[in-house]
Amino acid sequence: MSDPRSEPPTAKPRVVCCIGDIHGYINKLQSLWSNLESLIDPQDFKTALIIFLGDYCDRGPHTRQVIDFLLSLPSTYPDQTHVFLSGNHDLAFAAFVRVLPRPLDEGFEFSEAWKEYEGNKEREGWFEGNGYEDMHLQGRRWGGTIKVRFNEAKGTEYKGSIYDAGPTFESYGVPHGSADLVKAVPDEHKKFLADLVWVHEEDDVCMETENGLIRCKLIAVHAGLERNKNVEEQLNFLRARDTRVPKVEALSGRKNVRDIPKELIENPTIVVSGHHAKLHVEGLRLIIDEGGGLEEKPVAAIVLPSMKIVRDTDVLAK
């Protein structure tokens, strides 16, 4: 195993903030941002790397305002670097409003990838309105109307579709499942969705450990990397944003992406994600999503190198 401490940091480490799933809660996002700004040294915050881990939409009522806030950051904080990862919800939103990257194979039609999941079509009530004929599977699921009303896993009522997309439609002033959403979403929001990356990589970040400050690489991806697949092959797929695949495991997987691949332990690399509706900080594997889009749960962030967890609900001393 290579030693990440073999070259101790010679300059003050750059602050990196990784922000978990927001899910349409603008008040939580604003409170979390205010807490980060208060807790981090002003000069460090001014030049920080801010990585948003995806899932900006659905469940909460203010998707439109959340995206407006995110779009304002580069001009408000010009010395920061902002990275906006795609979550599985954002990919589906992008698919519905027709801004998902086209398949790498020019002859490939999105409809070719429906077949694998057609057994779920009736239960999930896939979208069949205007434009569905050439829509990525996740767009159809996102804009559909699920027949089952209660989500047993979460203990909540579904909000429109299996993605709980109803509040996102409503935030743009149209009813759930309406094809008019394509016209209602502003062009700058469409560009935001179209530009979301599936993975972000940093070659040199620092983190505090029980053995002191270490320097290593970092990979940020919404759900995680599959443990038993070649890491470089997965990264190449994610860098390319290959939309021929009907379900992107690194954005939507569960148990299969929770653990860190062995080769990233042997070549120390932080893997940071949201998605899993839990907070998990163990070694190099960081999962930062306490809320899962539930109204009563917080939105959280982790700050490197200190490894401090910050929440929108934190009450800071004056």
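Select Asp55 to begin, in the loop between strand S2 (49-52) and H3, where helices (H or I, at least four residues) and strands (E, at least two) are DSSP runs numbered from the N terminus. The phi angle of Asp55 is near 65°, a positive value in a residue other than glycine, and Asp55 is buried, with a relative accessible area of 2%; buried means under 20% relative accessible area, exposed over 50%, and partly exposed in between, for a 1.4 Å probe and protein chains only. The model is predicted, so that local features need pLDDT of at least 70 and side-chain atom pairs count only at pLDDT 80 or more, while totals for chains, interfaces and linings use all residues. Residues are numbered from 1 along each chain as its sequence is written, and side-chain values use heavy atoms, with hydrogens and water left out.

**The nonpolar core**

Next select Ile51, and display its contacts, which are heavy atoms within 4.5 Å. Leaving aside neighbours within four places in sequence, Ile51 is in contact with Val16, Cys17, Cys18, Ile19, Val83, Leu85, His200, Leu218 and Ala220. Ile51 is also one of the residues that touch the most other members of the largest nonpolar core, which has 89 residues, and the others named with it are Leu36, Phe52, Leu70, Phe93, Leu181 and Ile270. H4 gives the most to this core, with six residues. Such a core is a set of buried Ala, Val, Leu, Ile, Met, Phe, Trp, Tyr and Cys residues joined through side-chain atoms within 4.5 Å.

**The largest pocket**

Now select Asn88, Arg141, Ile162, Ser252 and Arg254, which are the closest to the centre of the largest pocket among the 32 residues that line it. About 630 Å³ of space lies in this pocket. H4, H6 and helix H11 (249-252) each supply at least two residues of the lining, and by class the lining has 11 nonpolar, 11 polar and 10 charged residues. In this count Ala, Val, Leu, Ile, Met, Phe, Trp, Tyr, Cys and Pro are nonpolar, Asp, Glu, Lys and Arg are charged, and the others, Gly among them, are polar. On a 1 Å grid over the protein atoms alone, a pocket is an open set of points where a 1.4 Å probe fits, with protein on both sides within 12 Å along at least five of seven lines, and lining residues have an atom within 4 Å of a point. Grid points are joined across faces, edges and corners, and a volume is the space filled by probe spheres set on the points.

**Salt bridges**

A search of the whole structure finds 15 salt bridges, each a side-chain nitrogen of Lys or Arg within 4 Å of a carboxyl oxygen of Asp or Glu. Select Asp79 and Lys46, whose side chains meet in a salt bridge at 3.7 Å, N to O. Asp79 lies in the loop between helix H3 (63-76) and strand S3 (81-84) and Lys46 in helix H2 (residues 42-46), so the pair ties together parts that are 33 residues apart in sequence. Asp79 is partly exposed at 41% relative accessibility, as is Lys46 at 40%.

Move to Arg102 and Asp134, where the closest N and O atoms of the salt bridge are 3.1 Å apart. Arg102 is in the loop between helix H4 (88-96) and helix H5 (121-124), and Asp134 in the loop between H5 and helix H6 (137-143), so that distant parts of the chain, 32 residues apart, are linked by the pair.

Then select Glu201 and Arg239, whose side chains meet in a salt bridge at 2.8 Å, N to O. Glu201 lies in strand S6 (residues 200-209) and Arg239 in helix H10, so the pair ties together parts that are 38 residues apart in sequence. Glu201 is partly exposed at 32%, and Arg239 is partly exposed at 39%. For a network, select Lys121, Glu128 and Arg140, which are joined by salt bridges that share partners.

Leu235 is buried, with a relative accessible area of 4%, and, not counting residues up to four places away in sequence, it touches Val199, Glu201, Ile219 and Leu225. Select Ala277 next, in the loop between strand S8 (269-273) and strand S9 (278-282). The phi angle of Ala277 is near 55°, a positive value in a residue other than glycine, and Ala277 is partly exposed, with a relative accessible area of 38%.

Finish at Pro305, in the loop between strand S11 (300-304) and strand S12 (308-311). A cis peptide bond joins Leu304 and Pro305, with omega about 10°.
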